[in-house]
2 protein chains.
Amino acid sequence: MRFLSQIFQPVITIPKGAKIKNTEITCKSQKLLMECGLVRPTSSGLFTILPLARRSITKLENIIHHCLEEVGAQRLSLPCLTSAKLWKQSGRIDSVGPELIQVEDRHGKRYLLAPTHEEAIADLVADIGPLSYKQLPFLLYQIGNKYRDEHRPKHGLLRSREFSMLDAYSIHASDACATNTYNVVTDAYKKIFRTLDLPVHRVQAPPGDMGGRLSHEWQLPAAAGEDALAVCPSCHHAARARQPGACERCGADTCAVNSIEVGHTFVLGARYSEPLLAGFVAPDASTAPVHMACYGIGVTRLLSASVEALSSEKALRWPAAIAPYSAVVIGPKEGSKEWSAHGFDRVQDVARRVEQNAFRDDVIVDDRHQLTIGKRLMMADRMGYPHIVVCGRGALEAPPRYELFRSGDAEPRALDLNELLATLADQRIRQPVDAGADYGESAG
Amino acid sequence: MRFLSQIFQPVITIPKGAKIKNTEITCKSQKLLMECGLVRPTSSGLFTILPLARRSITKLENIIHHCLEEVGAQRLSLPCLTSAKLWKQSGRIDSVGPELIQVEDRHGKRYLLAPTHEEAIADLVADIGPLSYKQLPFLLYQIGNKYRDEHRPKHGLLRSREFSMLDAYSIHASDACATNTYNVVTDAYKKIFRTLDLPVHRVQAPPGDMGGRLSHEWQLPAAAGEDALAVCPSCHHAARARQPGACERCGADTCAVNSIEVGHTFVLGARYSEPLLAGFVAPDASTAPVHMACYGIGVTRLLSASVEALSSEKALRWPAAIAPYSAVVIGPKEGSKEWSAHGFDRVQDVARRVEQNAFRDDVIVDDRHQLTIGKRLMMADRMGYPHIVVCGRGALEAPPRYELFRSGDAEPRALDLNELLATLADQRIRQPVDAGADYGESAG
């Protein structure tokens with residue numbers, strides 16, 4: 001159990017129209033995450049992730065780890081500093097160009113802060129020497145910092161210059177095998193988004209700078225999004241950059257929505273393995289470049305995109321699985337009748353029981369007793385904790401009753417302890433989840 | 001349960017005297033970690049951490065998270081790109097000098113890839129505006145990449161240019177409070193090293209470039225270490241850069257040992273808060289710079305240092321709590337009598353029972369059946385798995401018997417399944433541990 005008075009959460013108020021570190025406030029997730037003391041810019045497009053948001057990121061990382069390890073992905077860590085030579089070999093040093101942050105070491109050797117690691121993975125495969133087809137396929141991934149020198153960083157964590165990303169890479173002896181693994185990994189993606197209960201659409205997309213023969217974007221509808229989708233309300237089919245009209249799959253009328261790209265996946269073929277000489281030896285002893293596929297999810301972007309999609313202008317809302325804490329418990333104001341009757345002990349007892357029965361290591365107590373219950377309730381609602389438990393006047397009744405506020409409920413519910421615990425145990429996050437609505441259908 | 005045939009582990013043999021990516025092989029951890037397919041250099045002083053070593057790092061990170069959160073530390077993430085301006089304010093841009101990797105963005109603004117984050121933390125405190133003394137103290141930490149452009153990277157992960165570090169920072173209204181928290185955090189350090197069962201010595205050290213009034217190095221004895229200690233075998237007191245002689249604490253004869261610095265802790269006072277204007281408001285309404293302390297552990301360095309200290313020239317040895325897997329299970333060779341009798345099913349059953357009874361999600365099966373048991377046993381010993389279980393000829397007996405090899409045991413033990421499970425359950429890592437030998441005594 002943690003106490004809110006001890007959490008480092010520098011709450012601020014941003015005046016209308018104010019710039020923070022030379023950056024305009026252009027969307028609600030950016031404003032709310034800063035005002036609630038969760039994220040703080042250090043410079044244009046660079047951010048400190050403060051403790052409560054860091055907790056959310058860790059929860060999100062754990063969901064991603066779980067869903068990827070389950071399909072056999074193996075975690076590794078590649079250096080962020082990638083030799084510029086590799087990007088010359090692939091030709092991307094020119095095509096990606098000014099978005100690359102380049103570095104020279106004390107001996108004059110050039111590196112870049114990698115925005116992605118296709119070259120590094122292909123070089124790793126090449127460096128091992130030609131693999132036998134028997135060693136293929138394999139699927140590797142990492143979660144870590146990536147860099148992109150955006151011309152105009154904006155929308156806070158939605159378009160920053162240093163960001164956390166999941167990037168996975170699969171290596172194959174054939175295109176058929178790559179396609180097979182691609183489907184397995186994109187199913188894991190669907191599971192990640194279902195666990196978050198987010199309506200993320202998989203839409204076919206042009207491969208762009210990355211190359212390859214097939215690619216999908218993973219798009220989350222949100223008004224502040226910079227991409228446009230035509231979504232079919234009937235079959236959930238979604239397509240990119242199209243005018244609303246008849247759904248190409250079922251014929252129903254589609255709707256236009258703005259959306260945020262939270263992931264991108266590619267079947268790359270030999271786009272990187274050929275220039276970087278990453279080969280394998282086939283059963284007939286011939287040598288050929290390996291087939292690759294790659295898979296990215298912007299971790300810090302997904303966090304902020306989900307907040308952007310779910311929140312109002314006035315209050316944060318999170319996917320329940322990644323809220324900083326699943327529940328907050330608020331006790332009486334110091335000096336009140338309730339305080340005199342059972343003081344802080346009762347509040348801690350209730351919080352402990354909620355931890356034991358529903359949200360292990362995931363309950364916070366708002367122990368700022370100098371503030372009224374109403375004030376703390378307002379702040380808890382603004383923070384978007386999925387469950388708010390108030391030990392107020394009702395706790396003096398026999399049996400004592402507690403108020404439970406949940407996002408989405410019109411009215412709080414007054415419950416005795418057993419009812420409270422039963423209700424919360426029912427809300428426990430059963431993650432990651434296989435069942436549920438599937439928004440991940442595509443044209444491709 | 002995982003299968004070794006599916007693990008990405010590119011085993012190589014490094015010829016004597018060979019250079020890898022322009023780097024000489026100068027110590028045994030460097031050679032063994034590369035040869036066993038755990039770590040691979042990409043460039044001078046830069047390394048890919050391959051899946052089995054990545055598992056070890058994750059275990060080590062979890063121990064650190066646990067021990068720090070237990071004393072109230074709150075995790076955050078600061079950007080790796082720190083504005084050069086802050087390092088000008090502190091004066092360190094010149095004193096650290098050529099070891100800093102500097103970067104210019106597309107608008108000409110200068111950043112550096114932070115080797116440490118004192119300036120960034122002080123700037124965060126300054127940016128919040130003067131804190132009230134009531135908001136102090138707090139203790140923040142992160143685990144992430146750090147950068148140092150070493151003139152001559154060497155010894156593999158022991159002296160690399162991109163490395164993972166725990167760095168923690170505490171912020172206080174007084175020196176007394178800073179000293180108090182310093183003691184709490186250094187106790188958490190002792191717990192981390194006890195959990196790893198490593199004889200890490202806390203020794204008083206000059207503050208150097210970092211500044212401040214008090215500092216300790218955390219030193220792990222190892223022949224390849226670049227530091228020298230005088231260690232007292234009687235009271236465990238250790239001192240830096242001294243000739244062996246009488247122990248300054250108990251008078252017994254000391255021994256000279258080489259050692260590796262795996263951590264460094266500092267009471268900083270106002271060294272950073274003063275130039276960076278990080279102040280607080282005292283009860284009497286006066287404003288003063290906050291007091292700071294900082295705490296570092298080289299995560300990738302600690303991993304390689306522990307391997308360096310424990311391994312022989314021929315075989316890896318790990319602290320049991322961070323071995324890539326706690327146990328490996330080896331089954332019969334394909335086509336053997338044992339294989340015909342119970343094939344692979346028995347091996348998987350045994351592995352499953354070992355997982356359930358002792359090492360949850362931490363058992364690997366060496367399913368490379370085309371290799372003899374002897375060959376796989378040799379490889380498992382070289383990898384340093386703490387427990388090796390062989391389902392060989394003994395599994396045909398009634399009751400079936402399995403061989404258990406443990407590092408340090410002179411002979412394997414033949415055990416029936418219940419004996420095997422009981423023995424292994426007893427070896428389960430109870431981490432992190434409070435009890436045990438305490439090497440962390442200091443002169444300071």
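1. pLDDT is the predictor's confidence in each residue, on a scale from 0 to 100. Chain A averages a pLDDT of 93, and 96% of the residues score at least 70. Over residues 440-444 of chain A, pLDDT stays under 50, and the model has 20 contacts beyond four places in sequence for this stretch; two residues are in contact if their C-beta atoms, placed from the backbone, lie within 7 Å. Where pLDDT is low, the predicted coordinates should not be read in detail.

2. This is a predicted model, in which local features need pLDDT of at least 70 and side-chain atom pairs count only at pLDDT 80 or more, while totals for chains, interfaces and linings use all residues. Residues are numbered from 1 along each chain as its sequence is written, and chains are lettered from A and ligands numbered from 1 in the order in which they are written. For the complex, the predictor gives an ipTM of 0.96 and a pTM of 0.96.

3. Chain A is superposed on chain B by a rotation of 180 degrees with 0.0 Å of shift along its axis, at an RMSD of 0.0 Å (least squares on the C-alpha atoms of residues with pLDDT of at least 70 in both copies). That is the relation of a two-fold axis. The C-alpha of chain A nearest the axis belongs to A:V103, 2.9 Å from it.

4. At the interface, 38 residues of chain A are in contact with 38 residues of chain B. Strand 5 of chain A gives the most to the side that touches chain B, with 4 residues (strands are DSSP runs of E, at least two residues; helices are runs of H or I, at least four; both are numbered from the N terminus). By class, this side of chain A has 21 nonpolar, 10 polar and 7 charged residues (Ala, Val, Leu, Ile, Met, Phe, Trp, Tyr, Cys and Pro count as nonpolar, Asp, Glu, Lys and Arg as charged, and the others, Gly among them, as polar). The copies meet through the same surface, because 100% of the interface residues of chain A are also interface residues in chain B.

5. Helix 7 of chain A (residues 299-310) is mostly covered, with 12 of its 12 residues buried (20 or more other C-beta atoms within 10 Å of the residue's own; exposed means 12 or fewer, partly exposed in between; C-beta atoms are placed from the backbone).

6. B:T287, in strand 19 (residues 287-289) of chain B, counts as exposed because it has 10 C-beta neighbours inside 10 Å. Beyond four places in sequence, B:T287 is in contact with B:P130, B:G279 and B:V281.

Definitions and conventions: Expected span 1.5 Å × (residues − 1).
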